[in-house]
Amino acid sequence: MDDLDAFIAGLPKAELHLHIEGSLEPEQMFEFARRNGVAIPFDTVEAVRAAYAFSNLQDFLDIYYAGAAVLRTEADFRDLALAYFERAAADGVRHAEIFFDPQTHTHRGIAFGTVAEGLLAGMAEAETRLGVTSQLILCFLRHLDEADAFKTLAEAEPWLDRIAGIGLDSSELGHPPSKFARVFSAAVEKGLKRVAHAGEEGPAAYVHEALDLLGIDRLDHGNRSLDDPVLVTRLARTGMTLTVCPLSNVKLCNVPAIDAHPIDRMLALGLRATVNSDDPAYFGGYIGENYRAVARGRGLDKGQLAMLARNSFLGSFLPDDAVATHCAAIDAWLAEAA
Ligand SMILES: Nc1ncnc2[nH]cnc12
Ligand SMILES: [Zn+2]
C-alpha cells in the first residue's frame, strides 16, 4: 500500500450515500439464491460481473432490481448489512447512513418488518463488533406513485423510531421531486430527516424542486447543479451537503471519465461535497476505492481528502458532540501524516 492509499484507508470518514441492496456482491447473489431456492439468470459470478456494463441509470436499475430478488429472509438482510459494514470498516468508515428500498421487497411479498429487522440487526452487530455506528434511511421509489409511497410510510410506522429519515431514488428523468411533495411533508411531521437524489441525470431544476418542495436536509448526487450558477451559490450559502458518488457517475456515464470528475471544482466553489460509493457491488468499488479514484484522477492532496472526510461528518445526522469527536480524529490523522 503506498503512502496515499494508507492515508485514505486510515482517514476517519462517514458514508452518506449507500444503497444497501447495491452492496449485493455477485458471490452473495449466488449464495442467497441457493439458500432461498431462487433462480437467477446467470451461471457464474463472472457472467454477472460481465452484465454490469451500463450506459445510463435505467440500464443499471433494471439489473439492480432483478438482483434484489434473491433477498428473502431477515437473515439475508442482516448478512447483507454486515458484509457491507465489514468492507466499510476496512475502508476507515466510522459512521454510515444507509438507504434501503422497501418497495422493491414489499412488491415481491416480503414484509416491511423482515427487511427492517434484518437490517437493524446487522447495524447493531456492526456497532458492537466493528465500532461503526449507523442510521437507516427509507427511500421511496420515484417511478412508483405517490399513493404507494404513502402506503410504504404507513407500513414503516412501527419502525419509525429506528429510521432516521426518508429519501427518494430510482429513475429520475420524468419523475420530478414535486411528485412526492406531500409525502415529504407528512414525513417531516413524524420527525424524519429528508434527503433526495436530484441532479444525477435530471436537470438543475429538479434540485431546486428538492430544496423548495421537499425541504431536503441533504442532496444526493447533485452534479447537475453545476449547470446553474445561482443554484451553486444557493447550495454553498446554505451549507448544503452533496453526497457525490464518483465511480457511480462514471459507470452510469454521467461523467465521461474519473479524471474529468468535478469533485475538486465542487470544493473550490464552496460546496460541501462528500465522497460515497452508491452501489459498490455494481460500480467497481467501496468508499475507499472512490477516494482513491478521485485522489489519483484529480490529483487531490491530503488536505482536500481530509476536507471531504470532514464534510461527511458535518453533513451527517449525528449529534454535534459526535461530529466534533470525529473531526478531531481527522485532524489528528492529518497531523500524523504531515
Ligand atoms: N444511483 C442511483 N440513482 C437512483 N436510484 C438508485 N437506486 C440505487 N442506486 C441509485
Ligand atoms: Zn444513489
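Biologist: Which residues in H7 are buried?
Modeller: In H7, the buried ones are Thr114, Val115, Ala116, Gly118, Leu119, Gly122, Met123 and Ala126. Buried means that 20 or more other C-beta atoms lie within 10 Å of a residue's own, exposed means 12 or fewer, and partly exposed is in between, with C-beta atoms placed from the backbone. One caution: this is a predicted model, where local features need pLDDT of at least 70, side-chain atom pairs count only at pLDDT 80 or more, and totals for chains, interfaces and linings use all residues. Residues are numbered from 1 along each chain as its sequence is written, while chains are lettered from A and ligands numbered from 1 in the order in which they are written.

Biologist: What covers those buried residues of H7?
Modeller: The cover includes helix H5 (74–90), strand E2 (93–100), helix H6 (102–106) and strand E3 (133–141). These names come from DSSP runs, numbered from the N terminus: helices are H or I with at least four residues, strands are E with at least two.

Biologist: How far apart are the end C-alpha atoms of H7?
Modeller: They are 26 Å apart, which agrees with the 27 Å that the 19 residues of H7 (residues 112–130) should span at 1.5 Å a residue. The expected span is 1.5 Å times one less than the number of residues. After H7 comes Gly131, with a positive phi near 75°.

Biologist: Changing topic: which residues are around ligand 1?
Modeller: They are His19, Gly22, Leu57, Tyr64, Asp169, Ser170, His197, Glu200, Ser248, Asp278 and Asp279. To be near a molecule, a residue needs its C-beta atom, placed from the backbone, within 6 Å of it.

Biologist: Where is Asp279 found?
Modeller: Asp279 sits in the loop between strand E8 (272–275) and helix H14 (280–283). The UniProt annotation "binding site", from an unreviewed entry, covers Asp279. UniProt positions use the numbering here, feature names are shortened, and annotations may be inferred rather than shown by experiment.

Biologist: Why does Asp279 count as buried?
Modeller: Because 26 other C-beta atoms lie within 10 Å. Not counting residues up to four places away in sequence, Asp279 touches His19, Gly22, Tyr64 and Ser248. Contact means that the two C-beta atoms, placed from the backbone, lie within 7 Å.

Biologist: And Tyr64, which helix does that lie in?
Modeller: Tyr64 lies in helix H4 (residues 57–67). Tyr64 is buried, with 22 other C-beta atoms within 10 Å.

Biologist: What does UniProt place at Glu200?
Modeller: UniProt places the feature "active site" there, again from an unreviewed entry. Glu200 is in the loop between strand E5 (193–198) and H10, and counts as buried with 22 C-beta neighbours inside 10 Å.

Biologist: Is His208 buried or partly exposed?
Modeller: His208 counts as partly exposed because there are 18 C-beta neighbours inside 10 Å. His208 lies in helix H10 (residues 204–212).

Biologist: Last one: how many helices and strands does the protein have?
Modeller: The protein has 17 helices and eight strands. Of its 338 residues, 49% count as buried.
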